[in-house]
Amino acid sequence: MEQKDIYILGIESSCDDTSAAVLKNGILLSNVTASQAVHEAYGGVVPELASRAHLQNIIPVVDQAIQRAGIQREQLTAIAFTRGPGLMGSLLVGVNFAKGLARSLGIPLIDVNHLQGHVLAHFIRESEDDHSNPPFPFICLLVSGGNSQIIKVNAYNDMQILGQTIDDAAGEAIDKCSKVMGLGYPGGPIIDKLARCGNPDAFQFAKPNIAGYDYSFSGLKTSFLYSLRDWIKDDPDFIEHHKEDLAASLEKTIVDILMKKLRQAVKDTGINHVAVAGGVSANNGLRNAFHDHAKRFGWNIYIPKFSYTTDNAAMIGIVGYFKYQDKEFCEIDAPAFARMEN
Ligand code: KG4
């Protein structure tokens, strides 16, 4: 008997991107994302504004994803949605929309952990002959605005956190330092661009001394702030005169901190398939460091396409596809969760 095609709709609304994607038998057909420019003026995401923007965006974004996939919504097999972690007001929009649509179509709901989505973004396939995913087990450096973790990924549903930040995340540190420099939000892409024209060895900032595989970025942030304050005393236009060098030195410090612990984890586990995921994996300095480690240490590296580094629904859809195959569905009353421990 011929197998029925499996169409998964993925929905992501955990922070400030409203995204929907459709996958057919695990292959991506469409991925539509509406980002929220409204936060730029505030130098960070304003939760209440994010929820309102999700409410405005969710119907057109889902509609477009289904249209671009070239299917009718009645053909959907299941709906996968980000259940958490994230901003509660933002999550509620996607969670409740997914529940309403699944109920109206009489199809199963699949809850997805946002972080699992970032890690499994490596399994998003755009065509049948795309087999660029890492084999299990692999080590994944997950670096975003809210997380910095080293994860041992044993299977799609079996992940062990080896280390994580004890304070700020890498992306958060970049964003905060960029704010101190008076640059826009989010700071990551701006620092990345400036860093390409700067000298990474121009300035030194504090690096943490933490045991094991854990990270810390709050000391670096303070060191950056205090150093700037001192330099500005002598030259009020210090930032303007040195912004490329500041960006390059900050980026190098963060990349060095990230790679040092990652090298240790790879060495200790003996697993040399190494992936990077999350918004900060778009960073050119970090990507170069991965290529450099591949050459120096023989790592097999896995770097996602730019469009799958930041929040997107394709990564939620692919987790949904895996869970669908294992018939791992969730109940209609499954609540959203803002934090991991909830
Ligand atoms: O994964 P993501 O989109 O959202 C979550 O935090 O879940 O990550 C956003 C973070 C922000 O801190 C942003 O500044 C950072 O990723 N980012 C970058 C770059 N693009 C985005 N950081 C460094 N270089 C980039 N090119």
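**Exercise 1.** Which residue forms a salt bridge with Lys24, and how far apart are the closest N and O atoms?

*Solution.* A quick word on ground rules: this is a predicted model, where local features need pLDDT of at least 70, side-chain atom pairs count only at pLDDT 80 or more, and totals for chains, interfaces and linings use all residues. Residues are numbered from 1 along each chain as its sequence is written, and side-chain values use heavy atoms, with hydrogens and water left out.

- Step 1: take the rule, a side-chain nitrogen of Lys or Arg within 4 Å of a carboxyl oxygen of Asp or Glu.
- Step 2: apply it to Lys24, and the partner is Asp5, with the closest N and O atoms 3.9 Å apart.
- Step 3: Lys24 sits in strand S2 (residues 17-24) and Asp5 in the segment before strand S1 (7-12), so the pair ties together parts that are 19 residues apart in sequence. (Strands, E, at least two residues, and helices, H or I, at least four, are DSSP runs numbered from the N terminus.)
- Step 4: by this rule the count comes to 16 salt bridges.

**Exercise 2.** Work out how domain 1 and domain 2 meet.

*Solution.* 

- Step 1: get the bounds. The domain assignment, automatic or from a database, gives domain 1 as 7-130 + 309-325 and domain 2 as 138-304.
- Step 2: find the contacts (heavy atoms within 4.5 Å). Here 16 residues of domain 1 touch 23 residues of domain 2.
- Step 3: look at the buried area, meaning the accessible area (1.4 Å probe) that two parts lose on being put together, summed over both. That's about 1500 Å², with carbon and sulfur atoms giving 73%. On the domain 1 side, Val119, His122 and Thr309 lose the most area to domain 2, together 40% of what that side buries.
- Step 4: check the pairings. Between the domains there are zero salt bridges, but three residue pairs are in polar contact, both at pLDDT 80 or more. (A polar contact is a pair of N or O atoms within 3.5 Å; within protein, one must be able to donate a hydrogen and the other to accept it, and residues adjacent in sequence count only if both atoms are side-chain atoms.)
- Step 5: ask who supplies the domain 1 side. Helices H3 (114-120) and H9 (314-325) each give at least two residues, and H3 has the largest share, five residues.

**Exercise 3.** Which atoms of Asp175 and the ligand lie 2.7 Å apart?

*Solution.* A polar side-chain atom of Asp175 and an oxygen atom of the ligand. For Gly279, a backbone N or O atom lies 2.9 Å from a ligand oxygen.
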